[in-house]
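I set out to record, entry by entry, what I looked up in this structure. The coordinates come first and my notes follow.

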Amino acid sequence: MTFKEKVNGLITEALLEKPSVFLVDLAVSDSFKISVGLDGDNGVALQDCIDISRAIENNLDREEQDFSLEVASVGVGTPLKMVRQYKKNVGRTLIVTTNTEKIEAELVEANDVFIILSWKAREPKKVGKGKETVQKEQQIPYTEIKEAVVTVTF
């Protein structure tokens, strides 16, 4: 069992006690710096990070392998990586980049296969001069999404 597999097992075990919190990112560098990124269906509390940190720290032996540890919630500008993150952000505005376009729109639906975005756009009128505002909606499979980031509006 590699060091990373051991850490991943400890995190998985600790998260069983916190069903609303989930692992988004785990990195172990060559110098054994462990970086853990967490997200939650209702956000991540500081206590969640402390608990996961302790679960790792208390079950690894520094005599066997010295390491540094960082446990944090994923930031606002961090790209979404998991279907569960899309589902928890329904109703929020995303900037989604695909192979062909970049769309800033409201996430109105997220299932296990695709997301649906909705936005208003100004387009030329079908008859006559000028523009009109139209409601657009687009279904995008996860396989076509290169990056999706939640935008914060004030």
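**Entry 1: Val 134**

I looked up the contacts of Val 134 and found that Val 134 touches Trp 119, Lys 120, Ala 121 and Glu 123, with residues up to four places away in sequence not counted; contact means heavy atoms within 4.5 Å. I note that this is a predicted model, in which local features need pLDDT of at least 70 and side-chain atom pairs count only at pLDDT 80 or more, while totals for chains, interfaces and linings use all residues. Residues are numbered from 1 along each chain as its sequence is written, and side-chain values use heavy atoms, with hydrogens and water left out.

I located Val 134 in strand 7, residues 131–141; strands are DSSP runs (E, at least two residues) and helices likewise (H or I, at least four), numbered from the N terminus. Is Val 134 buried or exposed? Val 134 counts as buried because its relative accessibility is 17%; buried means under 20% relative accessible area, exposed over 50%, and partly exposed in between (1.4 Å probe, protein chains only). I also noted that Pro 124 lies 10 residues from Val 134 in sequence and 9.8 Å from it in space, C-alpha to C-alpha.

**Entry 2: The chain**

I then turned to the chain, which has 3 helices and 8 strands. From the N terminus on, I read their order as α-β-β-α-β-α-β-β-β-β-β. The C-alpha trace spans about 80 × 30 × 30 Å along its principal axes. Buried residues make up 33% of the 154 residues. Of the contacts with a separation of 6 or more, 48% join residues 24 or more positions apart.
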